[in-house]
Every structure is written in C-alpha cells, then in structure tokens.
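I set down what I looked up, one topic at a time.

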Amino acid sequence: MENDLSQRIQALPAEKREQLAKLLKQKQSQAANQYDVVILGGGLAGGTLAQQLKRAQPEIKILVLEKRKHPVPEAAHKVGESSVEMGSHYLRNIVGAKEHLNTVQLPKSGLRFFFPAGDNTDITQRVELGCTSVLPVPTHQIDRGRFENMLHDENSAAGITVWDEASVQSVEFGAEQHTVTVLRHEAQLTVTGRWVVDASGRGNVLKRKLGLQKPSSHNVNAVWFRFDDVLNVADWSDDPEWQAAVPSAARRLSTTHLMGRGYWVWLIPLYPNSTSVGIVADAKLHPHGDMNRFDRAVAWLEKHEPQCAEAVKAKQDRLQDFCVLRHYAHDCQQVFSADRWALTGEAGVFVDPFYSPGSDFIGLSNTIVTTLILKELKCEPIAQDVDLYNRIYLDTFHSYIGTYEDKYPLMGNAQVMTSKVVWDFSIYWGVNALIFFHNKSQDLAFWTDMRHELSRFDKLNVRMQQFFRDWDLLLQEPGGSIANVPGLTDWSPTFVNYMKIPFLHELHVELNDGLDEAALKIRVSKNIDLLEMIADEMFQRALMTTPRAESLQAPTEANHEPAMNGAHTNGNGHTNGHAQPAAQSFASSRSRYDVKAELNRIWLETQTPIKELA
Ligand SMILES: Cc1cc2nc3c(=O)[nH]c(=O)nc-3n(C[C@H](O)[C@H](O)[C@H](O)COP(=O)(O)OP(=O)(O)OC[C@H]3O[C@@H](n4cnc5c(N)ncnc54)[C@H](O)[C@@H]3O)c2cc1C
C-alpha cells in the first residue's frame, strides 16, 4: 500500500509533487503549533496552571507564552511574596513545589501586626499581635523570581512547551480552535489552542479584548522596594522583656505589618538575605504623591514609621528596586466561559494584599480552570458548570472585598483591629481554607448541598465587617482624627499570641484533618456555629466598653438562638441529618462560656476606665 502510494507520488509531475510537499509541511507545522491549552503569561498563575494540568493529565498538550526572558531576576522581580495557608497548600501539594519551598525559600512564622503607640519611635510600646514560631500548617515567604525560574524549568522538563520572550499580540476565537498570534525574536508566529487561558496579569490580554473590565471601588495604592540585606523588626529594640516575648527569628520570618490609621507597611524576608518593604495606603488618608518616589517614601516613613525609616536609610545603598501601583484592586464581569476561554490570577480579579490572599485566588481559579478544561476535553458539557463557577468565584472575590473596603481607617485602632484579625483568621481557617484543603472548592455538588449554610456564613460575615467599621467610628473623634482619643491610643504595650487562643489554634491545625465529605459538611456547619458565638461575644464586648454603643447593629440575626443550642444540631450536639462523630472538632464543640474566656486574651487593657465585663 505504502509502495503503491509512493509510486503514485513519484509519477506526479514535478510541479504537483512540490505542491504536495508544501501542503504536507503546512499540515505538519499546523499540528506542531496546535495545542489543547495555550496559556498567555508564564507568571505565578500561568506557570502553576500548566503544572497542575500536566500533573492531572500527563498527555495534555500545553503551550505557555511568556514575554519575559528567563531566568528572571531573583528578589527584585514581582510582589506576591507572602503566602498564607491556602496558597501554600496549593503550591506545595497541588503544584508539587514542596521540595523547592522547603529548601530554597523561607518558612514563615505567620502574619504579625504592630499597632501604633504615640509617635511610633519605640517598637516595645506597640501592641504586637503575632505568634512565636512557624505555624503547624506550613506557609512560606516566596522570592517570586526564584519561584518562577523553578516553574519555567520544571514545566519544560515535564514536556510542557514554554516560549519565553514571546509577546502575545492577539487572540481570535474559533469554533474548534482559537488562534493566538505571538511576536517572538522579531518573528510573528501563530499557534492554535482548543482552550486559551489568560494569565497575563495586568497585561489583561483577554479582559481588554472582550471588554470585561469592571473597576473596583476599593481605592488603595501601594509602593514597594527591596534590599539585598536583612531588615528585622526584632533589631529595633534590645529591651530584654520585649526580646524575651518572641524569638528574633520568628519576628524576622513573619510578614510584619506596621499598622496605622489608613495604612500598613509590610516587611517580608526573602531567601537567603533580602527584604521586601511596602507601604499600602488608603488614598483618602495618605495621598499617593507623598510616597511615589523612594525619597518621598522615606520621608513618609520618617513621619509615620520613624524606626522603619531609620532601618531603611541605613540600607539604602543596598536598594534593588522601587515600584508603585495605584488603585490595585480590580473586578471583572466574567472569568470562565463555555467558549473555552478563562482568566486566572491577576488577569481576572485582585482584591488586596493585607492578608496575602493573592496566591489563594490563583489556587482557586486554577483549580476551577483545570476542572473545566479536563471535563471539556472529555467532550462533556460545561455550560452550566461555567455559570456556577463564575458565580462562586466572583462572589468569593466580592465577599473578600468587604473584608478590606473602608477598613483601612481601622488599622490604627488596636482594640477593633485585633478583634477583626481574629475574626478574619477564624472565617478563613474555619470555612474558606477548610473547604479548599479538602479539595471541595470546585465541587459543585458540595456547593449546592451547602448553599444554605454558606449563605448563613456570608450574611454573618457581611454584618461583622460592618460591625467592625461602626465600632471603630464610635471610637474616633469628630473629624476622624485618631490622635488623643481616650481608650484608643493609650494601650498598655503587650504581645498577643493569636496561636494561644485555643479555638484559633485548632481551626488552623484542623485544616489538615482530611475529613470525608459528610464529615466536612458537619465541620463547616459547626464552625459557622462557632463563628456566630465569636460574633456575639465581640458584639457584647463592644456594647460594654464603647461609648454610644447602643447604635451598633447586632451581627447575629435578631432572636437567633446559637446553633449549638438547637437550631442546627440535635440533642446530642450532632448536626441534624449528618450525625457523624468524625466531624466533631475541638474548636467547634465549644460552649459560649469557652469562647468568651478564650476571647478575653485579645481584649487589650487601656489606661482609661472601661465598663466592667458582665
Ligand atoms: C502591592 C501588592 C502586594 C501583593 N502582595 C502579595 C502577597 O504578599 N502575597 C500574595 O499571595 N499575593 C500578593 N499580591 C498579589 C500577587 O502579586 C498576584 O496574585 C500575583 O502576582 C499574580 O500572578 P499572575 O501570574 O496572575 O500575574 P503576574 O505575576 O503579573 O504574571 C503575568 C505574566 O504575564 C506576562 N505577560 C503579560 N502580558 C503578556 C503578553 N502580552 N504576552 C506574553 N506574556 C505576557 C508577564 O510578563 C507576567 O510574567 C500582591 C499584589 C499587589 C498589587
């Protein structure tokens, strides 16, 4: 047969043979440039998505297009250096970067917050909220350049095609294949992909093409810079008592937040000895023009964070970069489509860096994108799933926005803000991260079954975020000034170890409980019951200690019986319909009495008299 075919080709006139050869070559190069998935952008979102897809389905054909040349610089590359539990879990266990993170990136000892005291010239006088060691569930401080170089190499080794110095020019959607035009080494190339995923960050390739932009009303700006030297907040005082409270290494390995009204300043250590410093500030309270050059940022620090300014000035000859970003939060109309495109990472939405959720969102959207792509490649319908995923992902983003929007003024208020941090950690560990750790964030049946419980959770959180804002407003002077407000700025200096709050510690370690689905559902419900008790206790505390507190709205529903007493549980303390002891956790089986006692650890003593606790 083959012989017969080659004889017939030989018999063709030379001109016809040439035409046939050309056609064959074209077909071959088309097949070579045809992929299942073309990913636009090889940063954190694009690089990890490629790895996640390949690990889930080794035969999938993926092309990553990245305009930068590799290797990219270490340390002074991108922001997104501090990771929290969800993001770290994603990178370690789903992307498979555990070894890299354990060996050539830094472990992290949680988030740490220093609240203002006087003119902030003495760190020992500030209320410190933090922990004393790395946390049981690992998190990391990530040099993004180092990480992206590793991803680039690992992806190539795994058989993923990675083109760097490849700038995406345009995307045309087709019925079977989408066409992507790329500029690479001055040549214009076209490739096709059944799926196109935009991971171009603020390059926003598809968002612009499809007109999906949606501005966010959360208006906060940031500036940041890096030094190739250690800058450790633990070196700012040699007071023996202050030094004894927290080991120096734990202070260094945290993401430090120096807090003030309308701003926070981050200090993030990078492997082996660099430091990232950033100022993040509400545009209404701290104009961007006051900090948008290095000299201005130093002058701003001298005014608001003088100890940090001194440390920065001492290292300015080691400065590696200086970057600015105005109004960083952005929304999007739609991020997933049944027409086989998706937006992931910052190409879709970005909320706020305060609790370092950037890589959490990458883990969430990449996991949804992976689920959709694998399903569609098996020729299963995805239109309905796409609608639900858009709702879940964008609703999650909007609920996160509520955590940050209008909350920057609270950042100088130690009393309200320590409560808010404990609340925000509790909802994160108790519900959002718990679901992600159990691989259920993309499970639509789980979301459907849990919709009433998750709606109870959402409503509670919306009311709590409003409560924190209202509580802070009651503690401010007319005109909004934070200075000289009795009970607001005169906290006794203290270290509050949040890992010593038993329910918080347990919510954290229980992330790795590995529950089955039924047990997870019960655990989520019980954690929401616990959250209702925490909310109620915080509200009671505000009522008892704050002038004019009668105007505060109760965060739990009127006449709402705490769920532990009946509404969601049967007489044995098990949730109705799901009576499985495996779901009982220490944190969620607490009584109201326990919660009150445990929360007492975060109420700060002030020099001004407060009403007695009932
Ligand atoms: C001030 C600030 C602080 C932050 N801090 C944290 C933090 O501490 N922790 C955290 O988890 N997150 C943080 N984030 C968020 C974090 O930076 C992002 O989540 C993360 O960088 C997004 O990764 P990405 O891959 O989506 O985008 P990027 O990392 O920007 O990657 C996009 C890639 O696409 C490439 N590209 C763009 N256009 C094209 C094109 N046309 N063709 C080819 N390639 C293209 C770019 O070169 C780039 O490499 C912070 C964000 C801000 C603004």
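Predicted model: local features only at pLDDT ≥ 70, side-chain atom pairs only at ≥ 80, totals over all residues.

**Entry 1**

**Entry 2. The division into domains**

I next recorded how the chain is divided. Besides domains 2 and 3, the assignment gives domain 1 (2-29) and domain 4 (413-493 + 502-608). I looked up one distance here: the C-alpha centres of domain 1 and domain 3 are 69 Å apart.

**Entry 3. The open sheet**

In what order do the strands of the open sheet of 8 strands stand? I read the order as β16-β12-β15-β14-β13-β4-β5-β20, and the pairing is mixed. At the edges are β16 (319-325) and β20 (495-497), each of which pairs on one side only. From one strand to the next, the twist averages 15°.

I followed the pairing of β20 with β5 (residues 128-130), which is parallel and has 3 bridges. Within this pair, Leu129 is opposite Val496 of β20.

**Entry 4. Strand β12**

I then turned to β12 (residues 220-227), where 8 of 8 residues are buried. In a regular strand, side chains alternate between the two faces of the sheet.

Next I checked the partners of β12. With β15 it pairs in the antiparallel sense over 8 bridges, and Ala222 has Val280 of β15 as its bridge partner. With β16, β12 is joined by 6 bridges, again antiparallel; there Phe225 is opposite Phe322.

**Entry 5. Helix α4**

How many of the 10 residues of α4 are buried? I found 7, and the helix is mostly covered. The buried residues are Glu85, Met86, Gly87, Ser88, His89, Tyr90 and Leu91. They pack against α3, α5 (98-104), β6 (140-141), α12 and α14 (414-437). After α4 comes Gly96, which has a positive phi near 85°.

I looked at the loop between β2 (62-65) and α4 (85-94), where Val72 is placed. Is Val72 buried or exposed? It has 20 C-beta neighbours inside 10 Å, and therefore Val72 counts as buried. Its contacts, neighbours within four places in sequence left aside, are His77, Gly145, Glu148 and Asn149. I also compared Val72 with Ser591: the two are 519 residues apart in sequence, and their C-alpha atoms are 53 Å apart in space.

Pro71 belongs to the loop between β2 and α4 as well. The peptide bond from His70 to Pro71 is cis, with omega near 0°.

Most residues other than glycine have a negative phi, and most peptide bonds are trans. I therefore noted the exceptions that I came across.

A further cis bond runs from Tyr271 to Pro272, with omega near -10°. Pro272 is in the loop between β14 (263-270) and β15 (274-282).

Glu165 is not a glycine, yet its phi is positive, about 50°. Glu165 is in the loop between β7 (161-163) and β8. It counts as partly exposed because it has 15 C-beta neighbours inside 10 Å.

Asp406 likewise has a positive phi, near 65°. I located Asp406 in the loop between α13 (383-404) and α14. With 16 C-beta neighbours inside 10 Å, Asp406 counts as partly exposed.

Conventions. Residues numbered from 1 in each chain as written. Helix = DSSP H or I, 4+ residues; strand = E, 2+ residues; numbered from the N terminus. Buried ≥ 20, exposed ≤ 12 C-beta atoms within 10 Å, placed from the backbone. Contact = placed C-beta atoms within 7 Å. Pairing = 2+ DSSP bridges. Axes fitted to C-alpha atoms, helices over the stretch in contact; angles between N-to-C directions. Domains from an automatic or database assignment.
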